[in-house]
Amino acid sequence: MDLLDKFIGSLLGSAAGDALGMPLEGFSALEIQRAFGRVVDMLPAPEHHFHHGLQAGQYTDDTEETLILAESIIEAQGFSGDVFAEHLMRWGSEWILNERLNRGVGITTRSAIENMLSGKPWQEAGVSIETCGAAMRAAPIGLVYHWDLSMVSRYSELQSIVTHRSRAARAGAVAVAVGVALSLLDLPRMTILEVSAESASRISPELGRKLREVRAILLSDKDPSDALDMLGTSPSVHDAVPSAFYCFVRLEPEEAIVEAVNAGGDTDSVASITGALAGARYGTSWIPERWLSHLENRDRIEEMGRALSQLSLRLSGRV
């Protein structure tokens, strides 16, 4: 399997997980079971849900931010905090003027963008809240710089600082980006978890410990629903990132995303991170056509994967 297919697979897997989880965000596992049964197909957001109006296959701010980060990297021909901040401010200006364009932007990201729009430099605009917003969008860093883990760690932490300054949030972004980079290289999934946990530990020992707990839970062979209940699926980076790694390591790709969204909580973020990891490892072949046929902006996402792949080749000196 070539790297191009894995780049595209990571972005498509991330977006597909986000879109599958979109209508379920905020519900508990029991509420999902009672209202929808086991969700395996794209659904529109239900009436009275905060995503109401989004149709089956549309994604949330998770994918919007992932694509914004990817676009900024392509424009700058490498990661640039200045360019990424400019893209975020342009995006933020749209939904500040028209709230209908807001697809669930978290309080941390919203506050940071408002800080930048009011004149704060991006290096000082981020907020110290331990949510998973920087982790859910970090895949493009892992893809582009996969050949140098020190660069993956440095740039994934920098892109976090723009909105999420807390140690745990930065560590979560590093864990996901490192996990994506290692997934491209076909390492054993347990090894990917262990190296990602170690990378996170250098910034947040607490998140590192939580990621290492995932290994112990995997070895105990608990039922996935029980394991995710233990790990938690809230928007906290301490819950969402370990749960995504659990799904990725424990299950085959399609089932991993299905399990992530049916566990409740921050369904779109957990499934989006799971999809990014799975796509980087397995490419595109596992993603069901019944998901892709509904997925919003599929062509744009695929083109972004191609552009990131070409940029990665140039930056690494392979072309």
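Visitor: Why is Cys132 called buried?
Guide: Its relative accessibility is 3%. Buried means under 20% relative accessible area, exposed over 50%, partly exposed in between, with a 1.4 Å probe and protein chains only. Cys132 therefore counts as buried. The model is predicted: local features need pLDDT of at least 70, side-chain atom pairs count only at pLDDT 80 or more, and totals for chains, interfaces and linings use all residues. Residues are numbered from 1 along each chain as its sequence is written, and side-chain values use heavy atoms, with hydrogens and water left out.

Visitor: What makes Cys247 buried or exposed?
Guide: Cys247 has 0% relative accessibility, so Cys247 counts as buried.

Visitor: How do you know how many disulfides there are?
Guide: A disulfide is a pair of cysteine sulfur atoms within 2.5 Å. The closest cysteine sulfur to that of Cys132 is in Cys247, 13 Å away, so the gap is too far for a bond. Seen from Cys247, the closest is in Cys132, also at 13 Å and too far. The count is 0 disulfides.

Visitor: What makes a residue a contact of Ala263?
Guide: Contact means heavy atoms within 4.5 Å. Leaving out residues up to four places away in sequence, Ala263 touches Ala29, Leu228 and Thr233. Ala263 sits in the loop between helix H15 (253-262) and helix H16 (267-282). Helices here are DSSP runs of H or I with at least four residues, strands are E runs of at least two, and both are numbered from the N terminus.

Visitor: What makes a space a pocket?
Guide: A 1 Å grid is laid over the protein atoms alone; a pocket is an open set of points with protein on both sides within 12 Å along at least five of seven lines, whereas in a cavity a 1.4 Å probe fits but cannot get out. Lining residues have an atom within 4 Å of a point.

Visitor: Which residues lie nearest the centre of the largest pocket?
Guide: Glu25, Asp61, Arg103, Gly104 and Gly106, out of 27 lining residues. Helix H3 (61-76), helix H5 (107-117), helix H7 (133-136) and H16 each give two or more residues to that lining.

Visitor: What lines the second largest pocket?
Guide: The lining includes Tyr59, His87, Trp91, Arg103 and Arg300. H3 and helix H4 (81-97) each supply at least two residues. H4 gives the most, with 4.
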